[in-house]
Amino acid sequence: MATTNKDLAYGTLGTALSTLYTAPGTYTIVKSVSLCNQSASILAVTFSLRTINILCANSIAANDAIHISPLDHVLGSAQTITGSAAAASVTYYISGIEVT
């Protein structure tokens with residue numbers, strides 16, 4: 001099996017829960033997640049792996065960031081990472097290892 005360390009996903013969370021990443025191949029190991037609130041207000045964020053909330057309406061302070069590491073959570077083929085925020089002002093970066 002081949003393993004690849006990579007940026008799994010990055011961008012800006014929308015206000016509706018949406019898919020940020022879908023695991024290809026055999027499985028993916030999610031290693032870390034960074035979320036940054038770029039607004040002047042406290043914002044709630046929801047972030048899920050395989051429909052299980054890792055953060056559920058968790059507040060991120062204005063102009064602040066949170067980092068979740070190490071995770072070491074495994075996603076099987078076609079399983080997803082989803083997320084949303086109270087306003088489209090939260091950026092995210094997810095890294096991990098894909099196994100194919």
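Author: In this predicted model, the side chain of Ser95 makes a polar contact with the side chain of Ser32, at 2.8 Å. Start from that pair. Ser95 sits in strand S9, residues 90-99. Is Ser95 buried or exposed? The cut-off for buried is under 20% relative accessible area. Ser95 has 15%, so Ser95 counts as buried.

Now look at what surrounds Ser95. Leave aside its neighbours within four places in sequence. Ser95 is then in contact with Lys6, Leu8, Ile29, Val30, Lys31 and Ser32. Lys6 and Leu8 fall within strand S1, which covers 3-12. Ile29, Val30, Lys31 and Ser32 fall within strand S3, which covers 27-37.

The strand pairing gives the wider view. Strands of a sheet pair through backbone hydrogen bonds, either parallel or antiparallel. S1 and S9 run antiparallel, joined by nine bridges. Ala9 has Ile94 of S9 as its bridge partner. S3 and S9 also run antiparallel, and ten bridges join them. Here Ser34 stands opposite Tyr93 in S9. S9 itself is mostly covered, with eight of its ten residues buried.

Next comes the core. In soluble globular proteins, nonpolar side chains tend to be buried together. The largest nonpolar core here has 23 residues. Leu13, Val30, Val33, Leu35, Phe47, Ile81 and Ile94 touch the most other members. Two of these names have come up already: Val30 is in contact with Ser95, and Ile94 is the bridge partner of Ala9. Several elements give two or more residues to this core, among them S1, S3 and S9. Strand S4 (43-49) gives the largest share, four residues. Leu13 deserves a look of its own. Four strands form an open sheet in the order S2-S8-S4-S5, with antiparallel pairing. Strand S2 (18-22) and strand S5 (52-60) stand at the edges. Each has a single partner strand, so one side of each is left without a neighbour in the sheet. From one strand to the next, the twist averages 20 degrees. S2 and strand S8 (residues 80-85) run antiparallel and are joined by four bridges. Thr22 stands opposite Thr80 in S8.

Now the loops. Most residues other than glycine have a negative phi, and most peptide bonds are trans. Asn63 has a positive phi, near 50 degrees, and is not a glycine. Asn63 lies in the loop between S5 and S6. With a relative accessible area of 59%, Asn63 is exposed. Asp72 also has a positive phi, about 60 degrees. Asp72 is in the loop between S6 and S7, and at 43% relative accessibility Asp72 counts as partly exposed. Pro70 is found in the loop between strand S6 (64-68) and strand S7 (73-76). A cis peptide bond joins Ser69 and Pro70, with omega about -10 degrees.

Last, the cysteines. Cys36 is partly exposed, at 27% relative accessibility. Cys56 is exposed, at 54%. The count of disulfides comes to zero.

How values were computed. Residues numbered from 1 in each chain as written. Predicted model: local features only at pLDDT ≥ 70, side-chain atom pairs only at ≥ 80, totals over all residues. Heavy atoms only, no water. Pairing = 2+ DSSP bridges. Axes fitted to C-alpha atoms, helices over the stretch in contact; angles between N-to-C directions. Disulfide = S-S within 2.5 Å. Buried < 20%, exposed > 50% of the residue type's maximum accessible area, 1.4 Å probe, protein only. Polar contact = N/O pair within 3.5 Å; in protein donor to acceptor, adjacent residues only side chain to side chain. Contact = heavy atoms within 4.5 Å. Core = buried A, V, L, I, M, F, W, Y, C linked by side-chain atoms within 4.5 Å.
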